[in-house]
Amino acid sequence: MPDPEQSKIAAPTPAGLAEAPPKRVHIKSYGCQMNVHDAERMADVLSGEGYVTTEDSAEADLVILNTCHIREKASEKVYSELGRLRVTKTAREAEGKQTMIAVAGCVAQAEGAEIIRRQQAVDIVVGPQSYHRLPDLVRSAQGRKAIDTEFPEEDKFSYLPPPSAKRLMTRGPSAFLTVQEGCDKFCAFCVVPFTRGAETSRAMPAILEEARQMVAAGVREIMLLGQNVNAYHGADAAGGTADLARLFEALSAIDGLERLRYATSHPCDMQTSLIEAHRDNSKLMPYLHLPVQSGSDRILKAMNRRHTRDFYARIIADVRAARPDIALSSDFIVGFPGETDQDFEDTMALVRETGFAAAYSFKYSPRPGTKSAEGADDVPEAVKNARLQALQALLMEQQNAFNRATIGRTLEVLFEKPGRHAGQVTGKSPYLQAVHIDAGSPEAARALIGTIAKVEIIELSSNSLHARLVSPEAKGGRAA
Ligand code: SAH
Ligand code: SF4
Ligand code: F3S
């Protein structure tokens, strides 16, 4: 799953709380898109308690670090951040202000009380399956520590308040919706089955209801989230089970919902029905993030990925047969224990043969509790660095080639937010490329947000495609 460095969630002040000084919460999120979305839901649940979000941790009564455990670097970042927060907490204390510090997310799940042992300033530790209990935890953490890293019986989604239309609007026309969580695959390197727990799917009716509310609030694109989203098998209204393709079909029937995406998928769960959905469902965007990790059968086996390189190639061929223009993306790990030059060459060859539009690549990081951490981390750091550099250079070349190939083409873009310069507006192409246009004025730019328009791609600039408007609102939905 893409791993944005970190993100901050901002939301408006709820109406009707103007007189009492509002309590402020600052949430900083690390890791994957699911964590970003969890942070949004934490803000929702706390808004019911009168909390408004702030970008400034120094003015926050409650600071939440929503953490990621996937690699050592991500995990250790938390402790340096906590050190800084302790200084803020002490400074605010001198002014008579209380600051509560909470650690949420996957480090919270993995390390529990150990976090408080390492950093006494922490008041609350809450795992990814328990954050619906945040209001209670905040109350019980007055003067003592509160820890909740259970995998509760109840489904947190039935306890989380639906985000208000107003809050949804501030997050833009493209939104996340969690449909599946947890993982039973146990890849040898990965902490996710431990931090997120066993694989579960939400029931289809609840998902459809949430989607309808989102669309009523102005959402035009929904990205379905799950650690293994294509393993989705949720209960349907008739007492049966629906797979992801059927969920897409049901979601497609919602008027005003124009685009569907999903992440992250495992090659072994890439069923025929889902591949066919890429051919038959016009709302399903032509983009597939399908992590492969390595191109060497030997390493794939050691990683417990449960498939061969050939199997991956066959899936890709089937997907391309169903949707020839699909943009492919993947995750790679270099320097897995025992990876030889030849194994790495096999990965490079797989990349050359496949052709990716985007990709994420990482150096292997041994993680506590995982199978591969039991053995030696035996690829020297210098070798890992050299392999990562070579792989990233090749992937970047492919990404640029993919983007260049869209120059001169007319594509539909869903505009999401103002661009970097005044009068600009940016959005995403069907292939998840960032595209910006000059709308002429800030007002014209704002008016385009939430619309899907045809644009002609003109040129490749540093991290976005520059385009010009051909015709606004190509799809029949409402304009912003
Ligand atoms: N659910 C996702 C994985 C999330 S982790 C999936 O199955 O694709 C995102 C990516 O981080 C993984 O695909 C993998 O490439 C990388 N990763 C996971 N554990 C790692 C580790 N121990 N060292 C380095 N990279 C790792
Ligand atoms: Fe981790 Fe593998 Fe599960 Fe993905 S499929 S979350 S990499 S164990
Ligand atoms: Fe990180 Fe947990 Fe996501 S470990 S990548 S935040 S599932």
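Biologist: Which polar backbone atom lies 2.8 Å from a nitrogen atom of ligand 1?

Modeller: A polar contact is a pair of N or O atoms within 3.5 Å; within protein, one must be able to donate a hydrogen and the other to accept it, and residues adjacent in sequence count only if both atoms are side-chain atoms. Here the nitrogen atom of ligand 1 is 2.8 Å from a polar backbone atom of Q227. An oxygen atom of ligand 1 is 2.7 Å from an N or O atom in the side chain of Q293, and an oxygen atom of the ligand is also 2.7 Å from an N or O atom in the side chain of D331. Taken alone, ligand 1 exposes 540 Å², of which the protein buries 94% (accessible areas come from the Shrake-Rupley method with a 1.4 Å probe, and for residues only the protein chains shown count as cover).

Modeller: A word on the source: this is a predicted model, in which local features need pLDDT of at least 70 and side-chain atom pairs count only at pLDDT 80 or more, while totals for chains, interfaces and linings use all residues. Residues are numbered from 1 along each chain as its sequence is written, chains are lettered from A and ligands numbered from 1 in the order in which they are written, and side-chain values use heavy atoms, with hydrogens and water left out.

Biologist: How many residues surround ligand 1, and how do they divide by class?

Modeller: A residue is near a molecule or strand if one of its heavy atoms lies within 4 Å of it. For ligand 1 there are 15 such residues, the closest being F189, Q227, Q293, D331 and S365. They divide into seven nonpolar, four polar and four charged (Ala, Val, Leu, Ile, Met, Phe, Trp, Tyr, Cys and Pro count as nonpolar, Asp, Glu, Lys and Arg as charged, and the others, Gly among them, as polar). Strands β16 (327–334) and β17 (358–363) each supply at least two residues of this shell, where helices (H or I, at least four residues) and strands (E, at least two) are DSSP runs, numbered from the N terminus.

Biologist: Which residues lie around ligand 2?

Modeller: Among them are C183, C187, C190, F189 and H266, and by class the shell around ligand 2 has seven nonpolar, two polar and two charged residues.

Biologist: How is a pair of aromatic rings described?

Modeller: By the distance of the centres and the angle of the planes. Rings of Phe, Tyr and Trp (its six-membered ring) pair if their centres lie within 6.5 Å, and planes under 30 degrees apart count as stacked, over 60 as edge-to-face and the rest as tilted. By this rule the count comes to six aromatic pairs. The rings of F248 and Y262 have their centres 5.4 Å apart and their planes at 65°, so this pair is edge-to-face. F248 belongs to helix α10 (residues 244–252) and Y262 to strand β14 (residues 259–263), 14 residues apart.

Biologist: Is F186 buried, exposed or partly exposed, and what is its phi?

Modeller: Most residues other than glycine have a negative phi, and most peptide bonds are trans. F186, although not a glycine, has a positive phi of about 50°. With a relative accessible area of 40%, F186 is partly exposed (buried means under 20% relative accessible area, exposed over 50%, partly exposed in between, with a 1.4 Å probe and protein chains only). The peptide bond from A263 to T264 is cis, with omega near 0°.
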